[in-house]
Amino acid sequence: CALPITDARPSVAYRAVQKKDATEWTFSTGLAQEYAMRFRYKNLTGRAVTVKMLLTDIKGSVVREDNITFQPTPDKFRTLSTTTGTFINAGKYKLTIKAKAITFDTLEVQ
């Protein structure tokens, strides 16, 4: 009998903070590991939008800088998943998305 694979790590949802030209989240981690990050978003532009994602630690050191693409969402929120890209230490981090066309609900970190 095959058992389902479950991830025992808890996930925490963070609300977006809208800045002038970007959206930011500040979150904390407890263990040194690679974390999943899931965006709940709306893209009402009718086209895919590629934006810059910047993950920094509390000192401002860049942990991950990458472009990610948000597909159109005509009438509902969608989820886009990515990761921290590498193991990160326990601590406080800031994630910034430089985009005006995307509306974010939450960022879930697991």
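R15 is exposed, with a relative accessible area of 58%, where exposed means over 50%, buried under 20% and partly exposed in between (1.4 Å probe, protein chains only). The model is predicted: local features need pLDDT of at least 70, side-chain atom pairs count only at pLDDT 80 or more, and totals for chains, interfaces and linings use all residues. Residues are numbered from 1 along each chain as its sequence is written, and side-chain values use heavy atoms, with hydrogens and water left out.

R15 forms a salt bridge (a side-chain nitrogen of Lys or Arg within 4 Å of a carboxyl oxygen of Asp or Glu) with D105, the closest N and O atoms being 2.5 Å apart. Because R15 lies in strand β1 (residues 12-15) and D105 in strand β9, the pair ties together parts that are 90 residues apart in sequence; strands here are DSSP runs (E, at least two residues), numbered from the N terminus. The side chain of D105 also meets that of R40 in a salt bridge (2.5 Å, N to O). R40 belongs to strand β4 and D105 to strand β9, so this pair joins parts 65 residues apart in sequence. R40 is partly exposed, at 35% relative accessibility.

Leaving aside neighbours within four places in sequence, T106 is in contact (heavy atoms within 4.5 Å) with residues including R15, R40, W25 and F39.

The sheet comes next. An open sheet of 5 strands has the order β2-β3-β8-β5-β6, with antiparallel pairing; two strands pair if DSSP finds at least two bridges between them. The edge strands, β2 (17-18) and β6, each pair on one side only. Strands β3 and β8 are joined in the antiparallel sense by 7 bridges, and S28 stands opposite K92 in β8. Between β5 and β8, which run antiparallel, there are 6 bridges, and L54 stands opposite T96 in β8. A salt bridge between K94 and E24 (3.8 Å, N to O) connects β8 with β3, so parts 70 residues apart in sequence are tied together.

Notes
Helices (H or I, at least four residues) and strands (E, at least two) are DSSP runs, numbered from the N terminus.
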